[in-house]
Structure formats: C-alpha cells, structure tokens
Amino acid sequence: MLSRHLSRGRAAAAKPHNKAAPVRVATVQRRDMSAVVHTLGSIVANATVQVTPRVQGTLESAYFKEGQFVKQGDRLFQSVSL
C-alpha cells in the first residue's frame, strides 16, 4: 500500500504490489557495531584569514599543509627578497 503513495503516475498506482517481503530470523546478540554514514555535503570554515606579506619577493616555500592547525609565531612561508 505504501508503494501506491510513493509512486508517481496513475499507471503505477493502479497495479497492486503482491510480492511478499523476505523475512529472516536470527538470535539476538549484544555487540559493538561501527556506524558508517555516506552523505553528500560541503564544508564551510567557521573562520577565515587574509595573509598580507610584509616583505616583497618571490614565495619560495610554505611550512604548513592546507587544513593544518597553526599557532601564533609558527613559520608559515619563506620568500626570496628582490
């Protein structure tokens, strides 16, 4: 009966669903189970910063990886002065 309400179109609603659902029986067990959820979504940062250079030159290397937590005083970049 639920399939009649969820299906679209009158042709699908006119056919009754006569197949019985498969049923399995098992003994109850208590155990840990891992929960895995696959979803679609997007990640939004709760804070962003703008890095403004104090020296002119070419950026030579970065000392952090994207997403890494940094602290005040950590070396972030090295540049070659012109």
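I looked up Val49 and found it exposed, because its relative accessible area is 76%; buried means under 20%, exposed over 50% and partly exposed in between, with a 1.4 Å probe and protein chains only. The model is predicted, so I note that local features need pLDDT of at least 70, side-chain atom pairs count only at pLDDT 80 or more, and totals for chains, interfaces and linings use all residues. Residues are numbered from 1 along each chain as its sequence is written, and side-chain values use heavy atoms, with hydrogens and water left out.

I placed Val49 in the loop between helix H2 (10-14) and strand S1 (57-62). Helices (H or I, at least four residues) and strands (E, at least two) are DSSP runs numbered from the N terminus.

I then checked the aromatic content and found one aromatic pair. Phe64 and Phe77 have ring centres 5.3 Å apart and planes at 80°, so I logged the pair as edge-to-face. Pairing needs centres within 6.5 Å; planes under 30 degrees apart count as stacked, over 60 as edge-to-face and the rest as tilted. Phe64 sits in the loop between S1 and strand S2 (77-81) and Phe77 in strand S2, so the pair ties together parts 13 residues apart in sequence.

Last, I read the UniProt record, an unreviewed entry, which lists residues 48-78 as "domain: Multidrug resistance protein MdtA-like barrel-sandwich hybrid". Such annotations may be inferred rather than shown by experiment. For residues 48-78 I noted end C-alpha atoms 21 Å apart, with 0% helix and 26% strand.

Definitions and conventions
Phe/Tyr/Trp six-rings, centres within 6.5 Å; stacked < 30°, edge-to-face > 60°.
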